[in-house]
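Q: Hi! I'm new to this one. Could you walk me through it?

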Amino acid sequence: MQKVNTLSYIRKVINNIIKPGDFCIDATAGKGNDTAYLAEKVGAEGKVIAFDIQPLALAATEMLLKQKNIYQQVNLVLNGHEHIDKYALPETVDVIMFNLGYLPGGDHQIATKAETTLQGIEKGLKLLKPGGIMTLAIYHGGDTGFEERDAVLKYLQKLDYNEYTVMLTDFYNRPNYPPLAVVIQKEEKLN
């Protein structure tokens with residue numbers, strides 16, 4: 001049995017929601033692992049948009065998608081996730097994933113920042129369908145992320161609980177600031 005980590009936990013939650021034909025967004029493409037995961041889950045009839053500000057990240061994502069033969073349902077966007085609302089209409093997205101921090105193996109000076117991440121989360125929440133989810137893997141140790149973590153958690157704590165349910169998971173007994181897992185579900189509208 002595989003040891004549970006932040007990303008495996010998030011994917012277990014997403015597995016209960018996502019289905020073929022869904023529309024998903026990877027707000028931080030990185031090396032393409034989440035983009036590929038989403039593309040496999042939505043299948044050829046689904047759609048995934050993946051954002052990154054680094055051409056290197058999008059090139060790695062494209063290569064992975066082509067290797068897995070799942071490139072056709074993905075749109076790669078060289079842009080920050082704070083512009084997420086320019087690529088989808090309100091209440092049309094089933095799942096949005098964020099991995100905060102820097103590109104694994106990349107320049108630590110190029111990392112997600114509180115200001116743009118908060119814009120991306122706020123805009124992304126409006127894009128979610130009722131019942132849709134947004135996930136955040138908040139990498140906050142080492143030389144990056146504490147300010148961003150604190151700003152994001154403060155923002156999430158103030159979300160209206162009638163509109164969103166926010167769940168925070170901390171791997172409390174693990175060393176070296178393991179990433180936090182956040183799942184936000186947009187509540188279904190009552191008739």
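Predicted model: local features only at pLDDT ≥ 70, side-chain atom pairs only at ≥ 80, totals over all residues.

Q: Great. In what order do the strands of the open sheet come?

A: The order is S3-S2-S1-S4-S5-S7-S6, 7 strands with mixed pairing. Strands are DSSP runs of E with at least two residues, helices are runs of H or I with at least four, and both are numbered from the N terminus. Two strands pair if DSSP finds at least two bridges between them.

Q: And which are the edge strands?

A: Strand S3 (74-78) and strand S6 (164-169), each of which pairs on one side only.

Q: Do tell me about S1 and S2: parallel or antiparallel?

A: Strand S1 (residues 23-26) and strand S2 (residues 47-52) pair in the parallel sense, over 4 bridges. Cys-24 of the chain stands opposite Val-48 in S2, and Asp-26 stands opposite Ala-50 in S2.

Q: Which helix packs on the sheet at about 155° to S5?

A: That is helix H4 (residues 114-127), which touches S1, S4, S5, S6 and S7. Contact here means heavy atoms within 4.5 Å. For the angle, axes are lines fitted to C-alpha atoms, for helices over the stretch in contact, and angles run from 0 to 180 degrees between N-to-C directions.

Q: Switching topic: how many aromatic pairs are there in the whole structure?

A: A search of the whole structure finds 1. Phe-51 and Tyr-87 make up this edge-to-face pair, at 5.2 Å centre to centre with 80° between the planes. Rings of Phe, Tyr and Trp (its six-membered ring) pair if their centres lie within 6.5 Å; planes under 30 degrees apart count as stacked, over 60 as edge-to-face and the rest as tilted. The pair links distant parts of the chain, with Phe-51 in strand S2 and Tyr-87 in the loop between S3 and S4, 36 residues apart.

Q: Is Phe-51 buried or exposed, and why?

A: Phe-51 counts as buried because its relative accessibility is 0%. Tyr-87 has 30%, so Tyr-87 counts as partly exposed. Buried means under 20% relative accessible area, exposed over 50%, and partly exposed in between (1.4 Å probe, protein chains only).

Q: What sits over the ring of Phe-23?

A: The charged end of Lys-47, 4.9 Å from the ring's centre. A charge sits over a ring if NZ of Lys or CZ of Arg is within 6 Å of the ring centre and within 35 degrees of the ring normal.

Q: Last one: which residues touch the most other members of the largest nonpolar core?

A: Ile-25, Ile-96, Met-134, Leu-136 and Ile-184, in a core of 26 residues. Such a core is a set of buried Ala, Val, Leu, Ile, Met, Phe, Trp, Tyr and Cys residues joined through side-chain atoms within 4.5 Å. A second, separate core has 23 residues, including Ala-36 and Leu-38.

Conventions
Residues numbered from 1 in each chain as written. Heavy atoms only, no water.
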